[in-house]
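Subject: Handing over the model

Hi,

Here is the structure I promised to pass on to you.

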Amino acid sequence: MLKACKIRLYPNNNQKQIIAVQIGGTRYIYNRMLALKIFAYKKFGKNISKFELIKHTTKLKKRDRTLWLKDIDSQALQQSISNMDTAYKNFFRRVKQGTAVGFPKFKSKHHSRQSFQYPQRVKLNNKKNKIFLLKVGWVKMKGWRKEFDGKIKTVTVSYENYQYHASILIDIEEDKVLKPCNNINKAIGLDVGVALVVADSDGNMHKPLDLTRELHKLRTRTQQLSRKKKGSNNRVKAKAKLAKINLKIANKRKDFLHKLSLQYAENQGIVVVEDLKIKNMTKSAKGTKEKPGKSVKAKSGLNRVIRQQSWGMFFEFLEYKLKERGGKLIKIDPKFTSQTCPKCGHISKNNRKSQSKFVCKSCGFSENADVVGAKNILVRGIHGNNACQQTKVA
């Protein structure tokens with residue numbers, strides 16, 4: 001099984017300069033080879049393979065203007081070309097499927113996250129808490145755990161929000177990965193929402209993470225940055241403060257979702273959730289000039305809250321944590337889960353009187369609306385999509 005571990009790096013000043021050179025060199029090769037592929041395709045209708053591009057990189061190292069490429073790790077350059085070539089092929093694969101999206105973009109040195117990748121030859125020294133990176137040397141690290149011991153596949157070194165990290169992809173034997181689950185045969189349904197981040201079929205309800213203070217600071221820092229003159233030292237300082245608060249919000253959200261998903265993965269073998277199309281749910285309601293949208297501000301606010309809840313990230317964490325423990329995640333069709341009575345099966349939009357209250361118009365059954373949705377999700381996941389739909393109202 002492949003697992004990823006993200007660790008914090010603490011390079012010295014000399015190592016920081018070398019990492020910056022590695023990032024700049026791999027970015028330069030990525031952009032130059034992408035431009036070459038585009039030119040060859042437009043001019044001659046020809047696709048240049050990644051092997052030809054790698055040979056061309058060797059020639060560039062011998063030219064006077066690009067002699068500095070010798071300071072870059074050769075395999076990091078090859079991996080950059082390989083990543084670009086994969087993105088290029090994926091675009092044309094999507095064209096054949098009728099979804100022409102995702103053409104590889106040129107990398108910018110002004111992007112908030114910069115990175116490069118080692119395909120191999122990286123070493124770890126757990127006793128001294130150090131990692132060996134080609135051309136960089138031994139770098140201090142923090143965050144490595146013994147359960148991740150295995151064969152290193154790739155290492156991605158990144159610089160983001162004025163911090164250095166290494167994302168290590170490791171191949172671990174499944175016997176070492178599997179962890180005991182307290183009740184592998186127990187199943188539970190989860191309903192994600194806005195007022196409650198998660199409500200389950202057992203009646204437990206979890207409120208969303210309170211980020212009011214951090215979001216207020218984020219708004220203030222953004223306003224302060226907008227008033228700074230471009231190119232000034234004050235703008236650099238303001239940008240650093242904004243990056244710091246952004247990182248704090250991201251870390252708090254990930255920590256909350258990791259703990260919540262671990263709680264369910266450790267105690268249930270089967271978890272059923274809705275197969276939500278989050279990208280479609282958060283589309284703008286602005287519309288067009290001919291057909292302008294309605295309640296645009298209200299929809300914009302709802303979209304912002306949905307994105308802050310990070311349902312997709314929660315499902316990802318839940319899925320891999322369940323897999324580690326021998327469990328599984330089941331996704332079901334979300335239609336009518338919040339309008340169906342779990343007692344008699346009556347379906348009507350009038351059953352849900354408010355955001356939090358559910359009262360069946362047929363049998364009078366009453367309970368929290370999110371818990372009702374979770375119960376219907378569980379039944380549908382175990383017994384099939386039509387399990388809850390007994391009585392429909394037009």
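The second largest pocket holds about 480 Å³ of space. For pockets I used a 1 Å grid over the protein atoms alone: a pocket is an open set of points where a 1.4 Å probe fits, with protein on both sides within 12 Å along at least five of seven lines, and lining residues have an atom within 4 Å of a point. Grid points are joined across faces, edges and corners, and a volume is the space filled by probe spheres set on the points. Lining this second largest pocket are 15 residues, with His-110, His-111, Ser-112, Tyr-162 and Lys-239 closest to its centre. Please keep in mind that this is a predicted model: local features need pLDDT of at least 70, side-chain atom pairs count only at pLDDT 80 or more, and totals for chains, interfaces and linings use all residues. Residues are numbered from 1 along each chain as its sequence is written, and side-chain values use heavy atoms, with hydrogens and water left out.

Helix α6 supplies six residues, the largest share of the lining of the second largest pocket; β6 (151–160) also gives at least two. (Helices are DSSP runs of H or I with at least four residues, strands are E runs of at least two, and both are numbered from the N terminus.) By class, that lining has five nonpolar, six polar and four charged residues. Here Ala, Val, Leu, Ile, Met, Phe, Trp, Tyr, Cys and Pro count as nonpolar, Asp, Glu, Lys and Arg as charged, and the others, Gly among them, as polar.

Now to the largest pocket, at about 1,300 Å³. Its lining comprises 35 residues, and Lys-6, Lys-254, His-258, Phe-317 and Tyr-320 lie nearest the centre. Two or more lining residues come from each of β1 (2–10), β7 (163–171), α6 (233–267) and α9 (311–324), with α6 giving the most, nine. The lining splits into 15 charged, eleven nonpolar and nine polar residues.

Gln-163 sits in strand β7 and is buried at 18% relative accessibility (buried is under 20% relative accessible area, exposed over 50%, partly exposed in between, with a 1.4 Å probe and protein chains only). Beyond its neighbours within four places in sequence, Gln-163 is in contact (heavy atoms within 4.5 Å) with Arg-8, Ser-158 and Leu-247.

Lastly, the cysteines. There are zero disulfides (pairs of cysteine sulfur atoms within 2.5 Å) in the whole structure. Cys-344 is in none, and the nearest cysteine sulfur, that of Cys-360, is 3.6 Å away. Cys-344 is partly exposed at 22%, whereas Cys-5 is buried at 6%.

Best wishes
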